[in-house]
Amino acid sequence: MTSEQQTIVKNGLWKNNVALVQLLGLCPLLAVTSTFINGLGLGIATLITLVLSNTFVSIIRHWTRPEVRIPIFVLIIASIVTAIELAMNAWFYELFLVLGIFIPLIVTNCSILARAEAFAARNNVLDSALDGFMMGMGFILVLITLGGMRELLGQGTLFADAHLMFGSAAEGMELTLSDDYPGFLLAILPPGAFIGLGFLIAIKNAVDRYQSKKVVRVAAPVKPAESPA
Amino acid sequence: MLFRKASAPFINAQANVHSIMYQVLYALIPGTLAAIYFFGWGVLINLVIAASICLLSEALVLKLRARPVSTSLKDGSALITACLLALALPPLVPWWLTVIASIFAIVIAKQLYGGLGFNLFNPAMVGYIVVMISFPREMTFWTAPLGAVDSWLSFGDTFSIIFHGVLADQSSIDSVTMATPMDTLKTQIGLENDIESTRNHEVYGALFSNISGTGWQWINILFLLSGLWMIKQKVIDWRIPVSFLLSLLLISNFFAVSDYASYPSAVFHLFSGGTMLCAFFIATDPISACTTPKGRWIYGAGIGVLVYTIRNWGGYPDGIAFAVVLMNMAVPLLDYYTQPRIYGKNEVE
């Protein structure tokens, strides 16, 4: 893996994370993360869309005129999302019912258009596909963390309704905290999503700050004390 | 000969955050004592839990934010939040519910917004709303007030309910809880029983007094009196309570006159639930309320209309918390459009 590709990986998963840093695609992020499985389902759909749209946009990047690039990107993204929606309708019908309008709404997810415009339109196919995959993975990670957090707090379970995704074999996957957990409804309601995402962003920033401090300490261990200006 | 020169004002009030907050705290005492008298040990236990958690979380966040801890703790604002919360929560709520409400009030609604002076919303009301929408069942754990029953629930039973969820003899909590007068009226009107028959009902009748509800009327009257004292002391501005009570009076009177069988009288509205507590202690919060005179009139009137709307047509028996927080959101806009004219400037630009 070249160093450029390593940067792409790092950007997608952490440094330039779609949800935590770019704050794109918040509408589905906030709306469907009431459970872990819902988050995972929407995350995978978004991931596939990102990989495919980045690949196609990158393939045709030499023929797209800048004046009409946005409609072309949107057309590509819309076709991919429609295909995914039909596929989910066919094979994951119950999950499709739960996620509902948010599957077609992936079209309007800004992160996909943003990656097409900012990355795929000016990089080669392999890098673009990798970028789409890593951005999608970063998005999924946030979706399932937030979903798991809200599900655990809100109804005291984890991996509820796993059979929607993994078939009837996954019926027993559901973990329950305790039988008389009263359920913290706020976590499942919209405010819970906003507050939860706020905390995730805060944690990410805290980790970044902690690491940058460490780097400075390692790089410049001895520094003469400066007199205050 | 030297004369010490001083410029006007020659007499100045020694007002600071500390003294104002403590006067508010003193003013809360009579009403709180009345609430304890009528609802028993539960209120006291809630107060202790809320106060310790509020102070503790305030100290913790201040330390995290590297701010001076002791001066901010001593200003009494966290204690006021705790006191308002304990008065708003039902007396028999589980201990963890009070803890969650206190933490949300102090950490999220107050400190995350920047601490005292920067919070957009009234912290106590945010804490109350969080538990109200999250735990609707636990928020009905009211006891019948003294007067409707003969004696307090024993300390052992109250303690056991709050910390273990059952009475000391393991029997269910349902045997000692009772709906509040406002809740009862709402349910009965929903069942198409008129107010008169509810007031004279063999079971619920004991909950109602001549003015409003047994116990509730005295709690409200005491808050009204100490509120008037605060206005005299210039701790709070008179416009917000007056406009709030006036708008609630007018709108409830309008509906009560049009259909007295299914709309409670204006007096009932003014002296039930948290009306007086809201008028003088919650809506007048100097941080989250309007600061311009005209804005304060609109702010108070808005709360009155919203409270009445939620009480009559909303899903909750009382709507103080929602009304106050909704109007808190409108405060920046109201303040912006109601700036008083500066002397010497034209009215129309």
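Good morning. Helix 6 of chain B is mostly covered, with 11 of its 12 residues buried. Here, a residue is buried if 20 or more other C-beta atoms lie within 10 Å of its own, exposed if 12 or fewer, and partly exposed in between, the C-beta atoms being placed from the backbone. Helices (H or I, at least four residues) and strands (E, at least two) are DSSP runs, numbered from the N terminus.

What we are viewing is a predicted model, in which local features need pLDDT of at least 70 and side-chain atom pairs count only at pLDDT 80 or more, while totals for chains, interfaces and linings use all residues. Residues are numbered from 1 along each chain as its sequence is written, and chains are lettered from A and ligands numbered from 1 in the order in which they are written.

Let me stay with helix 6 of chain B, residues 123-134. Its buried residues include Pro123(B), Tyr128(B), Met132(B) and Ser134(B). What do the buried residues of this helix pack against? On chain A, the partner is helix 9 (185-188); on chain B, the partners are helix 4 (77-88), helix 5 (95-111), helix 13 (275-282) and helix 15 (320-337). Contact means that the C-beta atoms of two residues, placed from the backbone, lie within 7 Å.

I turn now to chain A. Helix 3 (residues 36-59) and helix 7 (residues 125-155) of chain A pack at an angle of about 165°, with their axes 8 Å apart. The axes are lines fitted to C-alpha atoms over the stretch in contact, and angles run from 0 to 180 degrees between N-to-C directions. Helix 3 and helix 7 of chain A are therefore roughly antiparallel, a term for angles over 145 degrees. By class, their contact has 18 nonpolar, 13 polar and 2 charged residues. Ala, Val, Leu, Ile, Met, Phe, Trp, Tyr, Cys and Pro count as nonpolar, Asp, Glu, Lys and Arg as charged, and the others, Gly among them, as polar.

Finally, two loop residues. Most residues other than glycine have a negative phi. Leu23(A), however, has a positive phi near 50°; Leu23(A) sits in the loop between helix 1 (3-15) and helix 2 (26-32) of chain A. With 14 C-beta neighbours inside 10 Å, Leu23(A) counts as partly exposed.

Phe159(A) also has a positive phi, about 60°, and lies in the loop between strand 1 (157-158) and helix 8 (163-166) of chain A. Phe159(A) is partly exposed, with 19 other C-beta atoms within 10 Å. Thank you.

Key. Angles under 35 degrees count as roughly parallel, over 145 as roughly antiparallel, 65 to 115 as roughly perpendicular and the rest as oblique. The expected span of a helix is 1.5 Å times one less than its number of residues.
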